[in-house]
Amino acid sequence: MYLLKLVFKNIFRHKLRSLLTLFGLVVAILAFGLMQTVVNAWYAGSDMASAQRLVTRNAVSLVFPLPIYYRDRIKAIDGVTAVTVSNWFGGIYKDMTPANFFAQFAVDQDNFFDLYPEFKVNRDELLAFRKDRRGVMVGRLLADQHGFKVGDAIALKGTIYPGTWDFVVRGIYEPKDETTITRQLYFHWDYLNEQIRKLYPRRAEQVGVFIVQIADGSRAAEVSQNVDREFRNSLAETLTETEKAFQLSFIAQTETIVMAVRVVSFVVIVIIFAVVANTMAMTARERLAEYATLKALGFGPGFVAALIVGESLMITALGGALGILASFPAAAGFKAAMGSFFPVFKVAPETVAMQAASALAVGVLAGILPAARAARVKIVDGLRYIG
Amino acid sequence: MAGASERPIVRITHLAKGYRRGDQDVPVLFDITLAIAEGDFIALMGPSGSGKSTLLNLIAGIDKPDAGELLVGGEDITRLSESALADWRASHVGFIFQFYNLMPVLNAFENVELPLLLTSLSRRERRERVEMALSLVGLSDRMDHYPNELSGGQQQRVAIARALIADPTIIVADEPTGDLDRKSAGEILGLLRRLNEEMGKTIIMVTHDWHAVESARRVVHLEKGELVDAPASHA
């Protein structure tokens, strides 16, 4: 108790120095948390992936499509319970600014939402969507961002599929929980195929990927092999993988950037460690005569060491706590500034734990060396020291 | 008035101490043999580098001799381990330093209370003792003041209260008036004399100040690390 009192009083002896160190800590812990949140947001799509969904694509590359008739053959494979289709559309809404960018997919309107229970759909809206050839379902996030309401018309300018495509919003799906991304637009693959058949007949009856639902997630590898074996030596061989692996293959393209963000976040912690260690070394050196006096009075080296490590820990605990608290409004501000670029941008409990652990580690490590020096110093040498 | 008894509280026999500076061994004390009686007030004098502070540090148990025997209250402190020596200092030695060495973040009360934190006294008992000690040095009205709010003389009086508080066997004072003006120095010396005469405290003081020497019962001269005994100047 007395030790804590003394530690607390010591912290504010050099107010400016302590405040600057605290400020540095708050900024470092905040920056670390934000960068870790960016990394998490990057992987958010893969976290949403279901263990019971596989994605079958063209083995050569994702840019090559697969024939639609594969659907029935995949459905017949043991362990498969349902198959739906998904085709990247890549249309432009209004203009090419990042704020207006969102993903659009042509899907099998009859069963797509059955395979994605994380999208909560109103039954009437789903029926209206299925009935309307040009109907679309938009996610809650996307609807809120652009003010889409049921009945609104949306025009997309095709890039992969040229022309202007007119749609009508027939429903807005809600997220099951906060990790579910609802920033996409889904429309009828039949409508896309119908138009393609008229304009580019050779590109008709093809899909981007098949989404394969399996009964048992533990049989994913076996079912994937069976699907790919079914189409071996065919005109379009397939590559089937879990939905998570499929999502991660996209992220892998930007892995270097993510790795750089991750490395920088840890570099920030190393820098603040150097700052706090320097502060503590200076502090301990200036107070060497006081520590020697305490030892002369009968306090042991452990008490002196605890004073220094305690002070270091208290500064980092305070800075860490403020940094963690600041992370939440900062993340909210960052998300608002980034628009819908990061659909899920939330400071995770794991990130908070890492921030707290970093602050704790900095506190202990920065205090250890000066504490060891002060504990070892001879009383007569310490008493002679003029700080 | 209490006088010095015949019973020695400090017995030093063939004590030697040197330091190592770079590659060189620098001897500081040679073959010191000295007895200090219980209730005595000794002034250790000598030119700079004569070894008087080193001898005081050895008696106070904050440094260890290279050779010889050093008994304080019948206990050979040269044989104690570091932690045992720390415990011994806490209960047997009161320190008064030239620059007071008070904790700047603690007020007068808390500074005086420091040595008692190593005892098993309750908070109430500690408070009673601290108030009594501060009253003894005339600082009852300054208990809440921090060192930077006190004059040099007042800070030294707080240091004296801290040295007294655990009722130590000996009080060691290293140039206690060295940083004070004449008036404050006179007050401090008067206080030390009272501690010695009225409370029977054994005081060993290093000083350059001839006025301070007049307060002591006995003067011990050191030159080049050796004792050059002198007669008592006051008793």
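# Reading a predicted two-chain model

Guide: In this predicted model, helix α12(A) is mostly covered, with nine of its 10 residues buried. The buried residues are A:Leu288, A:Glu290, A:Tyr291, A:Ala292, A:Thr293, A:Leu294, A:Lys295, A:Ala296 and A:Leu297.

Visitor: What covers the buried residues of α12(A)?

Guide: A general point on helices comes first. An α-helix has 3.6 residues a turn, so residues three or four places apart point the same way. In the present case, the cover drawn from chain A includes α11 (255-286), α13 (301-337), α14 (349-376) and α15, while chain B contributes α2 (82-92) and β6 (93-96). Just after α12(A), A:Gly298 adopts a positive phi of about 115°.

Visitor: How does one read a nonpolar core, and which residues have the most contacts inside the largest one?

Guide: In soluble globular proteins, nonpolar side chains tend to be buried together. The largest nonpolar core in this model has 110 residues, and those with the most contacts inside it are B:Leu44, B:Ile59, B:Val172, B:Ile204 and B:Met205. The largest share of this core, 11 residues, is supplied by α13(A). As for B:Val172, leaving aside residues up to four places away in sequence, it touches B:Leu56, B:Ile59, B:Ala60, B:Val93, B:Phe95 and B:Ile204. There is also a second, separate core of 46 residues, which includes A:Ile74, A:Val107, A:Ile214 and A:Phe231.

Visitor: What does the radius of gyration show for chain B, and what for chain A?

Guide: The general idea is to set the radius against that of a compact globule. With 235 residues, such a globule would have a radius of gyration near 18 Å; chain B has 17 Å, which agrees. The C-alpha atoms of chain B fill a box of roughly 50 × 40 × 40 Å along the principal axes. For chain A, a compact globule of 387 residues would have a radius near 21 Å, but the chain has 30 Å. The C-alpha trace of chain A spans about 95 × 45 × 30 Å along its principal axes. Buried residues make up 46% of chain B and 37% of chain A.

Visitor: Which domains are assigned in chain A, and what distance separates their centres?

Guide: The assignment gives domain 1 (2-44 + 255-384) and domain 2 (60-236). Taken over C-alpha atoms, their centres are separated by 48 Å.

Visitor: How is strand pairing to be read around β9(A), and which strands pair with β9(A) in the parallel or the antiparallel sense?

Guide: The reading has two parts, namely the sense of each pairing and the residues that stand opposite one another. Strand β7 (residues 135-139) of chain A pairs with β9(A) in the parallel sense over five bridges, and A:Gly139 has A:Tyr173 as its bridge partner. Strand β8 (residues 153-158) of chain A pairs with β9(A) in the antiparallel sense over six bridges. In that pairing A:Gly158 is partnered by A:Gly163, and a hairpin of four residues joins β8(A) to β9(A). Two bridges join β6 (residues 119-120) of chain A to β9 (residues 163-175), and these run antiparallel. There A:Lys120 stands opposite A:Glu174.

Notes: Residues are numbered from 1 along each chain as its sequence is written. Chains are lettered from A and ligands numbered from 1 in the order in which they are written. This is a predicted model: local features need pLDDT of at least 70, side-chain atom pairs count only at pLDDT 80 or more; totals for chains, interfaces and linings use all residues. Two strands pair if DSSP finds at least two bridges between them. Domain bounds come from an automatic or database domain assignment. A residue is buried if 20 or more other C-beta atoms lie within 10 Å of its own, exposed if 12 or fewer, and partly exposed in between; C-beta atoms are placed from the backbone. Two residues are in contact if their C-beta atoms, placed from the backbone, lie within 7 Å. The radius of gyration is taken over C-alpha atoms; the globule rule is 2.2 Å times the number of residues to the power 0.38. A nonpolar core is a set of buried Ala, Val, Leu, Ile, Met, Phe, Trp, Tyr and Cys residues joined through C-beta atoms within 7 Å.
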